[in-house]
Amino acid sequence: MQAIRIVFEAGRARGLRLHEAQFVVHDRYLHHGDRVARTPYSLLDVESLAARAAGCPGRVVAIEAEAE
């Protein structure tokens with residue numbers, strides 16, 4: 001999602017729309033996918049998640065969790 005946002009913001013002045021930014025990122029992952037470094041998920045405890053949620057602007061509507 002961050003890559004899409006960056007491409008969208010960079011191309012918006014030239015008329016690039018959101019769905020086009022998604023295609024750009026998708027095509028780059030298809031081409032460079034085996035060379036993209038992915039950051040592993042970092043597991044957070046409940047207190048760390050609560051602290052992150054408290055730092056979000058506005059009202060937090062939902063927090064999703066995935067059990068292993």
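This is a predicted model: local features need pLDDT of at least 70, side-chain atom pairs count only at pLDDT 80 or more; totals for chains, interfaces and linings use all residues.
Local features need pLDDT of at least 70, side-chain atom pairs count only at pLDDT 80 or more, and totals for chains, interfaces and linings use all residues. Residues are numbered from 1 along each chain as its sequence is written, and side-chain values use heavy atoms, with hydrogens and water left out.

**Overall fold**

The protein has three helices and zero strands. From the N terminus, its elements run α-α-α. Helices (H or I, at least four residues) and strands (E, at least two) are DSSP runs, numbered from the N terminus. Of the 68 residues, 9% count as buried. Buried means under 20% relative accessible area, exposed over 50%, and partly exposed in between (1.4 Å probe, protein chains only). The protein exposes about 6,600 Å². Carbon and sulfur atoms supply 56% of that area. Areas come from the Shrake-Rupley method with a 1.4 Å probe.

**Helix α1**

Helix α1 spans residues 2-11. Its buried residues are Ile4, Phe8 and Gly11. They share one side of α1, because they cover an arc of only 80° around the axis. The arc is that of the directions from the helix axis to the C-beta atoms. Gln2 and Ala10 are exposed on the other side of α1. The buried residues of α1 pack against α2.

**The second largest pocket**

This pocket holds about 250 Å³ of space. A pocket is an open set of points on a 1 Å grid, where a 1.4 Å probe fits, with protein on both sides within 12 Å along at least five of seven lines; lining residues have an atom within 4 Å of a point. Its lining includes Leu44, Leu49, Arg52 and Ile63. By class, the lining has seven nonpolar, no polar and two charged residues. Ala, Val, Leu, Ile, Met, Phe, Trp, Tyr, Cys and Pro count as nonpolar, Asp, Glu, Lys and Arg as charged, and the others, Gly among them, as polar.

Two lining residues are set out here.

| Residue | Relative accessible area | State |
|---|---|---|
| Leu44 | 34% | partly exposed |
| Ile63 | 51% | exposed |

Leu44 sits in the loop between α2 (18-32) and α3 (46-54). Leaving aside neighbours within four places in sequence, Leu44 is in contact (heavy atoms within 4.5 Å) with Leu49 and Arg52. Ile63 lies in the segment after α3. Ile63 and Ala50 are 13 residues apart in sequence and 9.3 Å apart in space, C-alpha to C-alpha.

Note on methods
Grid points are joined across faces, edges and corners, and a volume is the space filled by probe spheres set on the points.
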